[in-house]
Amino acid sequence: MSQTLDIERWNLECEFNNLDHHTDLNGADRLIVRRGQKFTISLYLRSGNYQPGLSSLDCVVETGPQPSEENGTRASFGLSAVIDTSRWSAAVTSPPGNTATLAICSPPDAPIGRYTLTLGQSGRIEFILLFNPWCPGDRVYMDDERSLEEYVLSQDGIIFRGSAKYPVPTPWNFGQFESGILDICLKILDMNPKCLKFPGKDCSKRGIPTYVSRVLSAMVNCNDDKGVLLGRWTNNYDGGVSPLLWRGSVEILRSWDRQDCLPVRYGQCWVFAAVACSVSRALGIPCRVVTNFNSAHDTNSNLVIEQYIDEKGALMKSREMIWNYHCWVENWMTRPDLKSPDFNGWQASDPTPQEKSHGVYCCGPVPVRAIKEGELTFKYDAPFVFAEVNADVDYFMKKADGSQSKVTYTSTVGQKISTKSVGSDAREDITHLYKYPEGSDEERATFEKANHQNKLLQQQEQDQGLHLTIKVGSDIRKGCDFDVFAVVTNNTESQKKCRLVFGSCAMSYNGNVGENCGFKDLLNVELSPGAERRVPLRLNYSKYGGLITEENLIRLAALLLDYSGGQPMLALRNIVLDNPEIKVRILGEPKENRKLAAEITMQNPLPEPLEECCFSIEGANLTGGHLRLHLGPGEDAKVKIYFTPTHSGLRKLVVDFNSKKLCHVKGYRNVIIGK
């Protein structure tokens with residue numbers, strides 16, 4: 001006859017279990033484990049001894065507000081001889097005695113979240129269950145330790161911004177293991193509309209990573225729900241924070257939590273993506289931030305972006321845009337719903353609110369492989385992501401009399417698709433994961449499958465005799481005056497007489513253009529056969545300095561009209577002005593819980609003083625500081641800022657400089673913190 005174990009107390013062995021389950025960076029004050037992997041707790045018996053085959057214990061686990069066995073959110077089980085990793089099971093692994101080591105295991109597809117475990121009549125314990133990319137049975141399993149270190153455990157990283165010709169690395173503190181962040185991530189799941197309306201059904205689906213990542217895609221923005229971030233793409237950030245001021249996800253998530261789920265103001269694409277990455281990693285889904293340069297925003301799903309210019313080459317407003325860059329995330333998981341293992345692996349998911357998907361502002365997850373192969377019927381939102389990296393761009397010139405004409409323009413959407421490399425801050429180009437080489441047979445087959453008729457039938461007669469490009473120097477710094485060049489080449493055997501309109505304007509990263517920064521209109525550009533002419537355009541800081549946005553972007557446009565006929569020819573180029581370099585030097589030996597000094601050096605590049613200057617420091621598991629000062633024209637700043645690392649390991653120390661005239665200058669240094 002079996003005898004129920006009479007438990008007096010227990011020890012959850014949080015330090016051992018959390019370390020074994022790769023959750024130790026969350027601390028050791030509570031039990032946080034991963035599914036499909038056993039954890040052990042020590043039971044201290046009030047009376048009697050544990051006897052193999054004779055002792056019994058009824059266990060019940062529950063999660064969510066409406067736990068049920070039917071929905072997989074409740075399970076009852078007793079003691080087994082050995083652990084069964086395919087279901088909830090328990091086994092005593094210690095020899096007979098008045099203490100017992102109880103091993104417990106969840107199935108690898110169990111819903112994630114907060115759990116209670118009832119041990120017979122003795123009481124109940126609480127723990128958190130997460131996805132387990134170290135478990136082969138979990139849909140998020142990743143068979144590479146270096147990749148797991150990067151995409152799950154790394155608390156900081158690099159997000160690439162700038163332009164296709166000049167990708168700019170921006171350091172970011174994901175901070176998924178910072179105090180309170182995991183609880184906030186679980187709260188995000190609880191506040192999603194599906195959970196608020198059907199809590200039992202929602203919790204039952206939290207074992208499915210495609211479902212969870214789609215919920216996160218919707219909840220990181222606030223357009224339909226009590227989401228985390230409100231987006232804004234103007235230069236007015238009253239009532240909130242400029243997206244360029246954020247250095248990490250931690251303060252954003254904590255602000256959302258403190259404000260009772262009111263949205264944090266403001267985010268743009270890289271901020272939305274970075275927060276989604278933090279939440280995904282916190283929950284155990286391998287995740288990385290991806291940047292697509294020259295990213296198309298196709299509103300009508302025809303895979304063609306139509307842009308209009310006036311007779312001076314100035315871009316006219318349009319709902320369809322080419323973003324200088326756009327960021328989203330990729331989550332790693334299998335896709336059993338798609339019936340083919342070819343589409344397992346990285347799945348693109350975009351939390352930036354652009355277009356609705358099934359009535360909600362979210363996008364993905366869609367297999368990256370499906371985008372490459374043109375499988376546009378695959379869930380979710382494949383046509384939109386396909387267009388972001390493959391759409392055609394057609395330019396038309398609208399004339400004063402109301403007529404319009406096609407403009408010859410050659411450009412490629414979806415360039416230098418980038419992410420941080422595993423184990424280093426270098427840029428990894430992953431364009432080949434999204435598209436085949438341009439002009440290849442595979443690319444043509446993909447377009448045929450995707451019914452990309454504009455690409456397939458593009459046999460326009462183009463005048464190859466004239467060639468127009470824009471060239472710039474290698475050293476284009478904010479604060480300097482510099483030249484850019486329109487280069488016209490006559491490859492015909494006849495004399496050419498043309499009109500060249502060459503202009504520049506401020507722009508934001510999402511393609512919106514601002515005021516004119518410099519312009520010239522040459523009515524008589526004559527070129528003999530085989531001749532090349534370089535036409536300079538001087539950009540002066542005195543003019544562009546007060547016009548450009550905080551992103552330091554200027555759009556160059558050259559429009560060439562051949563008086564002998566033929567289509568007008570357009571060349572475009574976006575340039576990013578360099579900010580000054582911030583140099584960081586650590587003084588002393590870095591050790592956890594020891595105050596350290598960082599020596600920071602930077603030169604004011606502007607021909608005017610910088611007022612209300614502030615240097616600040618941030619990093620994962622770092623208590624940072626800040627320092628205010630004044631800088632004269634061309635003056636060097638050399639300051640010390642003190643900070644305290646609270647954990648050992650490799651940390652990215654991010655330094656941010658802001659002033660009225662020079663904003664969001666970032667520098668960083670990787671620091672190894674000893675114990």
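Here is a quick briefing on a few spots in this structure, grouped by topic. The model is predicted, so local features need pLDDT of at least 70 and side-chain atom pairs count only at pLDDT 80 or more, while totals for chains, interfaces and linings use all residues. Residues are numbered from 1 along each chain as its sequence is written, and side-chain values use heavy atoms, with hydrogens and water left out. Helices (H or I, at least four residues) and strands (E, at least two) are DSSP runs, numbered from the N terminus.

- Ser42 sits in strand 4 (residues 39–47). With a relative accessible area of 15%, Ser42 is buried; the cut-offs are under 20% for buried, over 50% for exposed and in between for partly exposed, using a 1.4 Å probe and protein chains only.
- The Ser42 side chain makes a polar contact with the side chain of Glu13 at 2.7 Å. A polar contact here is a pair of N or O atoms within 3.5 Å; within protein, one must be able to donate a hydrogen and the other to accept it, and residues adjacent in sequence count only if both atoms are side-chain atoms.
- Setting aside residues up to four places away in sequence, Ser42 touches Arg9, Trp10, Asn11, Glu13 and Ala100, where contact means heavy atoms within 4.5 Å.
- Ser403 belongs to the loop between strand 21 (392–398) and strand 22 (404–407), and it is partly exposed at 30% relative accessible area.
- Leaving out neighbours within four places in sequence, Ser403 is in contact with Met397 and Lys398.

**Annotated binding site**

- An unreviewed UniProt entry carries the annotation "binding site" for Asn390, Asp392, Glu438 and Glu443. These residues are spread over 54 residues of sequence but cluster in space, with a largest C-alpha distance of 13.9 Å. UniProt positions follow the numbering used here, feature names are shortened, and annotations may be inferred rather than shown by experiment.
- Asp392 is in strand 21 and is buried, with a relative accessible area of 5%.
- Glu438 lies in the loop between helix 11 (431–434) and helix 12 (441–449) and counts as exposed at 57% relative accessibility. Not counting residues up to four places away in sequence, Glu438 touches Thr412 and Glu443.
- Helix 10 (residues 382–390) is mostly covered, with eight of its nine residues buried; among them are Phe384, Phe386, Glu388 and Asn390.

**Strand pairing**

- Strand 12 (residues 156–162) and strand 13 pair antiparallel over seven bridges; strands count as paired if DSSP finds at least two bridges between them. The two form a hairpin with four residues between them.
- Phe160 stands opposite Pro169 in strand 13. Five of the seven residues in strand 13 (residues 167–173) are buried.
- Six strands make an open antiparallel sheet in the order 20-19-18-16-23-24. Strand 20 (366–367) and strand 24 (427–429) are at the edges with a single partner strand each, so one side of each has no neighbour in the sheet.
- Strand 23 (residues 415–420) and strand 24 run antiparallel and are joined by three bridges; Ser418 has Asp429 in strand 24 as its bridge partner.
- Helix 6 (residues 209–219) lies across strand 18 (321–333) and strand 19 (345–349), running at about 145° to strand 18. Axes are lines fitted to C-alpha atoms, for helices over the stretch in contact, and angles run from 0 to 180 degrees between N-to-C directions.
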